[in-house]
Amino acid sequence: MLGVQAYQFNHALTRSPAKSVIDGLRAGDGPNPVFSHFQSQHQAYQKALEDAGLMVNCLAADEDFPDSVFVEDPALCIGGSVILLSPGAPSRYGEAGRLAAHGQRYFDTLIDLRPRLAAGGRIDGGDILLTGREALIGLSVRTNQAGFDALAAVLQDFSIIARPLETPADILHFKSDCGLLDAETIFCTEQLAKSDCFKGYRVITAPAGDEPAANLIRVNDWVLLAHGHPRSAELLDYHDYQVKLLDISEAAKIDGGLSCMSLRYHRQ
Ligand code: CIR
């Protein structure tokens, strides 16, 4: 299907946070991120990807889109290909178009899903978990059935079966609450674990109170985990995963996590 494991990468694409990131979308009415702290946390995040063996290319900040630092949402990578999606939040509609300009430079192939979508079709990368066996896609406030259908058809060309799931209403993105640990294992919140969507996988459940830790990313030999969740870190250590902690408190203020700040991919 991919030729490598779903957590093996040699490249990543990121985008510097814009000053407008302080206006990023958020569910609550919490404080704005502090721009300078966001920048330094983003730099540490990129360094962790490099330390895990990836070549990281960082796009210039795009002030027109406060949430554009979250590059995972307007696109999906399969091997060295990128599929431009159609983000579900109105203020983010234009983000896929901004990525299109970079497609030829950083990826082997660019596929644009947008012309293939039925009217009103929307899908965010944050709702897509590639496991190496299949694509688990959470229908959510950002991803609808038309978005799912269009992507599922494209994934067939990569011999990937897409499975639709329901994202619980209080969760922004499906992957806000889960991450892949290895080909067989998923780390997730208790709420998702109970929903039965990971039938056939080994599931490790985040301790109660550690829900934000569920959005971890496995990158080659490393598991990147949000700082501030020592019980999750211990649990993963117990299961023999090599964990690196990253402070992403500024991204978290606008509902961002670890997965959404990069597109990780594998070029031959
Ligand atoms: C948004 O609401 O779109 C951003 N403030 C956060 C996006 C986080 N993306 C993700 O979890 N995949």
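## Exercises on a predicted model

By class, five nonpolar, three polar and six charged residues form the shell around the ligand. The model is predicted.

**Exercise 1.** Find which residues are closest to the ligand, and where the ligand sits.

*Solution.* Start with the shell. The ligand is surrounded by 14 residues. Leu 25, Asp 67, Asp 73, Arg 92 and Ile 254 are the closest. Then turn to the pockets. The ligand takes up the space of the largest pocket.

**Exercise 2.** Work out which ligand atoms face the polar side-chain atoms of Asp 67, Asp 73 and Arg 92.

*Solution.* Take the residues one by one. Asp 67 places a polar side-chain atom 2.7 Å from a ligand nitrogen atom. On its own, the ligand has 350 Å² of accessible area, and the protein covers 98% of that.

**Exercise 3.** Asn 220 has a positive phi. Locate Asn 220 and decide: buried or exposed?

*Solution.* Begin with the rule. Most residues other than glycine have a negative phi. Asn 220 is not a glycine, yet its phi is about 55 degrees. Next, the place: Asn 220 lies in the loop between β12 (217-219) and β13 (222-226). Last, the area. The relative accessible area of Asn 220 is 15%. Buried means under 20%, so Asn 220 is buried.

Conventions:
Residues numbered from 1 in each chain as written. Predicted model: local features only at pLDDT ≥ 70, side-chain atom pairs only at ≥ 80, totals over all residues. Heavy atoms only, no water. Near = heavy atom within 4 Å. Polar contact = N/O pair within 3.5 Å; in protein donor to acceptor, adjacent residues only side chain to side chain. Areas by Shrake-Rupley, 256 points an atom, 1.4 Å probe, with all protein chains shown as cover. 1 Å grid on protein atoms, 1.4 Å probe; cavity = no way out; pocket = protein on both sides within 12 Å on 5 of 7 lines; lining within 4 Å. Sits in = over half its atoms within 2 Å of the grid points. Nonpolar A, V, L, I, M, F, W, Y, C, P; charged D, E, K, R; others polar. Helix = DSSP H or I, 4+ residues; strand = E, 2+ residues; numbered from the N terminus. Buried < 20%, exposed > 50% of the residue type's maximum accessible area, 1.4 Å probe, protein only.
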